[in-house]
Amino acid sequence: GVHFRTDWSGADDIGRRAAAASLADLVAMGADPVALVVALVAPRSTDAAWLLRVADGLRDEAALVGASVVGGDLSSGTEISVAVTGIGELGGRSPVLRSGAVAGDQVAVAGRLGWAEAGLAVLTRGFRSPRVLVDAYRRPEVPYASGPAAAAAGAHAMCDVSDGLLADVGHI
């Protein structure tokens, strides 16, 4: 009901979306993702096959960057909760933090802006199309290679823009 709704997204979409949020944070510091640790809470009545599809989504999204789900915890509760911790490798480099911004830096963006938000707006209004927008909400496409590439090119500050460009530029 906060970051996903089971009536709007399939279990594999939910897994992919949860993994993508953590992986995006890693690459936005210039790291190469290595592993995910997942804590999943669900009511005891939750279908085991549904939980396995969440795990499939987590695994499949992690595989896009060569990472693996290496552990976690499964527990019961009244609501479904998926918490993902990403582990990345910097190869001896320093992380590129938001605090590294200096006056005169240029702002650059990788990926499509606003598509997931537009998909959320479509779903909130009770529609299921345009499909391309709904799919962007269900499974955000993270430009994973862009973070490490920008770090290698000398970026001073980076962050993912999952909260929206204006909000996240304000964080920098």
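User: What should I know about the model before reading it?

Analyst: The model is predicted: local features need pLDDT of at least 70, side-chain atom pairs count only at pLDDT 80 or more, and totals for chains, interfaces and linings use all residues. Residues are numbered from 1 along each chain as its sequence is written, and side-chain values use heavy atoms, with hydrogens and water left out.

User: How many salt bridges does a search of the whole structure find?

Analyst: A salt bridge is a side-chain nitrogen of Lys or Arg within 4 Å of a carboxyl oxygen of Asp or Glu. The search finds 9. One of them joins Arg139 to Asp13, at 2.5 Å from N to O.

User: Which parts of the chain does this pair link?

Analyst: Helices (H or I, at least four residues) and strands (E, at least two) are DSSP runs, numbered from the N terminus. Arg139 lies in the loop between α4 (131–138) and α5 (146–152), and Asp13 in helix α1 (residues 11–27); the two are 126 residues apart, so the pair links distant parts of the chain.

User: Is Asp13 buried or exposed?

Analyst: Buried means under 20% relative accessible area, exposed over 50%, and partly exposed in between (1.4 Å probe, protein chains only). Asp13 is buried, at 12%, while Arg139 is partly exposed, at 31%.

User: What separates Asp135 and Arg138 in helix α4?

Analyst: About one helical turn, because they are 3 residues apart in that helix. Their side chains meet in a salt bridge at 4.0 Å, N to O. Asp135 is partly exposed, with a relative accessible area of 32%, and Arg138 is buried, with 13%. Elsewhere, salt bridges with shared partners join Asp12, Asp13 and Arg139 into one network.

User: Which residues of the largest nonpolar core touch the most other members?

Analyst: In soluble globular proteins, nonpolar side chains tend to be buried together. A nonpolar core is a set of buried Ala, Val, Leu, Ile, Met, Phe, Trp, Tyr and Cys residues joined through side-chain atoms within 4.5 Å. Here the largest has 22 residues, and those touching the most other members are Leu23, Leu36, Val54, Leu58, Val82 and Val84. At least two residues come from each of α1, β1 (32–42), α2 (48–63) and β3 (81–89); α1 gives the most, with 8. Another core, of 6 residues, lies apart from it and includes Trp8, Val122, Val134 and Tyr137.

User: What is Leu23 in contact with?

Analyst: Contact means heavy atoms within 4.5 Å. Leaving aside neighbours within four places in sequence, Leu23 is in contact with Pro33, Leu36, Glu61, Ala62, Val65 and Tyr144.

User: In what order do the strands form the sheet?

Analyst: Two strands pair if DSSP finds at least two bridges between them. The 3 strands form an open sheet, β2-β1-β3, with mixed pairing. β2 (68–76) and β3 stand at the edges, each with a single partner strand, so one side of each is left without a neighbour in the sheet. β1 and β2 run parallel and are joined by 8 bridges; Val37 has Gly71 in β2 as its bridge partner.
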